[in-house]
Amino acid sequence: QVQLVESGGGLVQAGGSLRLSCAASGSFSSINIMAWHRQAPGKQRELVATITRGGSTYYSDSVKGRFTISRDNAKMTVYLQMNTLKPEDTAVYYCATVLDRLYWGQGTQVTVSS
């Protein structure tokens with residue numbers, strides 16, 4: 001069992017930065033891949049970035065070079081540093097992982113104004 005709680009969302013102007021956090025509880029040490037997804041109004045949820053236990057990362061083309069995913073296993077927390085934000089980054093951001101099943105957090109709203 002894993003519980004995921006996101007925080008750090010908010011309203012920011014274009015070009016600004018935000019750092020999202022995903023605090024996990026439960027069997028965090030058993031988790032390999034952690035991921036951030038996002039869902040904009042009227043659009044499907046999309047994968048933004050992933051990180052493995054060993055630190056290997058993946059980024060979608062839309063955020064590559066602007067977002068950085070990181071992981072602190074001691075704090076059981078995954079971060080998403082978002083720089084040079086654009087209005088099209090506006091979405092609800094979700095933390096997710098797979099253990100015995102897919103787990104999602106409740107999401108945190110990110111709004112980027114132009």
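**Close-up 1. Asn 73 sits in the loop between β7 and β8 of this predicted model.** Strands here are DSSP runs of E with at least two residues, helices are runs of H or I with at least four residues, and both are numbered from the N terminus. With a relative accessibility of 38%, Asn 73 is partly exposed; that term covers the range between buried (under 20% relative accessible area) and exposed (over 50%), using a 1.4 Å probe and protein chains only. Which residues does Asn 73 contact, leaving aside its neighbours within four places in sequence? They are Phe 28 and Arg 53, where contact means heavy atoms within 4.5 Å. Look also for Ser 29: its C-alpha atom is 7.4 Å from that of Asn 73, although the two residues are 44 apart along the chain.

Close-up 2. Met 76 counts as partly exposed, at 28% relative accessibility.

**Close-up 3. Thr 84 belongs to the loop between β8 and β9 (91-98).** Here, too, the backbone is worth a look: Thr 84 is not a glycine, yet has a positive phi of about 50°. Its relative accessible area is 45%, so Thr 84 is partly exposed.

**Notes for all views.** Residues are numbered from 1 along each chain as its sequence is written, and side-chain values use heavy atoms, with hydrogens and water left out. As this is a predicted model, local features need pLDDT of at least 70 and side-chain atom pairs count only at pLDDT 80 or more, while totals for chains, interfaces and linings use all residues.
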